[in-house]
Amino acid sequence: MKNFTAYTENVGETHALGEKIGRAVSENMVLLLSGDLGAGKTTLTQGIAKGLGVRRNVTSPTFTILKIYRGRMPLYHIDAYRLEGVSQDLGFEELMEDDGLTVIEWSQFVPEIIPDEYLSVSIHLLDEDRRRFDFEAKGGRYEELLEELA
């Protein structure tokens with residue numbers, strides 16, 4: 001496993017980090033975002049969407065659980081916060097096998113759908129504006145992605 005840490009000083013830098021990720025990802029990748037409420041999971045996803053060429057406004061899918069955005073590839077944005085203990089098949093595995101990028105916030109609530117390989121991003125709120133992003137790659141293509149981001 002490869003690791004990488006990045007810091008941002010404001011929302012603009014978080015968007016820029018996400019945009020860099022969005023430009024570097026390829027089809028069928030899965031990103032797992034974790035962090036406290038307000039840490040910046042959706043803010044990072046907004047930047048990722050921009051890097052994918054998504055033109056729509058990206059918002060948290062907390063109440064809808066899944067939002068799909070179209071760019072150079074589909075972006076499947078899942079918020080699993082309200083899925084803790086839910087055992088029904090919601091079809092997320094099929095999305096992760098599709099030709100898009102899947103971003104899952106609060107993935108710890110749906111461990112049964114997490115693939116063997118993924119990029120984990122743990123976001124830490126350092127103060128009102130500053131964030132630390134700890135990246136951990138699990139799998140060869142995600143290690144290559146981290147090399148490109150570093």
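Which residue lies over the face of Tyr 142, and at what distance from the ring centre? It's Arg 141, sitting 5.7 Å from that centre. For a charge to count as over a ring, NZ of Lys or CZ of Arg has to be within 6 Å of the ring centre and within 35 degrees of the ring normal.

Before going further, some ground rules. This is a predicted model, where local features need pLDDT of at least 70 and side-chain atom pairs count only at pLDDT 80 or more, while totals for chains, interfaces and linings use all residues. Residues are numbered from 1 along each chain as its sequence is written, and side-chain values use heavy atoms, with hydrogens and water left out.

## The overall layout

The protein has four helices and seven strands. Both are DSSP runs numbered from the N terminus: helices are H or I with at least four residues, strands are E with at least two. Reading from the N terminus, the order is β-α-β-α-β-β-α-β-β-β-α.

Of the 150 residues, 47% count as buried. Here buried means under 20% relative accessible area, exposed means over 50%, and partly exposed is in between (1.4 Å probe, protein chains only). The protein exposes about 7600 Å², and carbon and sulfur atoms supply 46% of that; the areas come from the Shrake-Rupley method with a 1.4 Å probe, and for residues only the protein chains shown count as cover.

As for contacts (heavy atoms within 4.5 Å), take those between residues at least 6 apart in sequence: 62% of them join residues at least 24 apart.

## Salt bridges

A search of the whole structure turns up five salt bridges. The rule asks for a side-chain nitrogen of Lys or Arg within 4 Å of a carboxyl oxygen of Asp or Glu. Here are some of them:

| Pair | Closest N and O atoms |
|---|---|
| Lys 2 and Glu 147 | 3.4 Å |
| Glu 9 and Arg 130 | 3.3 Å |
| Glu 19 and Arg 23 | 3.4 Å |

Lys 2 forms its salt bridge with Glu 147. Lys 2 is in strand β1 (residues 2-8) and Glu 147 in helix α4 (residues 140-149), so this pair ties together parts that are 145 residues apart in sequence. Lys 2 counts as partly exposed, at 32% relative accessibility.

Glu 9 and Arg 130 make another salt bridge. This pair also links distant parts of the chain, 121 residues apart: Glu 9 is in the loop between β1 and α1 (11-24), and Arg 130 in the loop between β6 (118-125) and β7 (131-138). Glu 9 is partly exposed at 39%, and Arg 130 is partly exposed at 30%.

An α-helix has 3.6 residues a turn, so residues three or four places apart point the same way. Glu 19 is partly exposed, at 22% relative accessibility.

## An aromatic pair

Rings of Phe, Tyr and Trp (its six-membered ring) pair if their centres lie within 6.5 Å; planes under 30 degrees apart count as stacked, over 60 as edge-to-face and the rest as tilted. By this rule there is one aromatic pair. The partners are Phe 4 and Phe 135, tilted, with 5.5 Å centre to centre and 35 degrees between the planes. Phe 4 lies in strand β1 and Phe 135 in strand β7, so the pair ties together parts 131 residues apart in sequence. Both Phe 4 and Phe 135 are buried.

## Helix α2

Helix α2 (residues 41-51) is mostly covered, with eight of its 11 residues buried. Among them are Leu 44, Ile 48 and Ala 49, along with Lys 41. The cover over the buried residues of α2 includes α1, β2 (29-34), β4, β5 (101-105), β6 and β7. Gly 53 follows α2 and has a positive phi, near 85 degrees.

His 77 sits in strand β4 (residues 74-79) and is buried, at 0% relative accessibility. Its side chain makes a polar contact of 2.7 Å with the side chain of Glu 105.

Ser 122 is in strand β6, and its side chain makes a polar contact with the side chain of His 124 (3.1 Å). Leaving aside neighbours within four places in sequence, Ser 122 is in contact with Ser 34, Arg 132, Phe 133 and Asp 134.

Terms used. A polar contact is a pair of N or O atoms within 3.5 Å; within protein, one must be able to donate a hydrogen and the other to accept it, and residues adjacent in sequence count only if both atoms are side-chain atoms.
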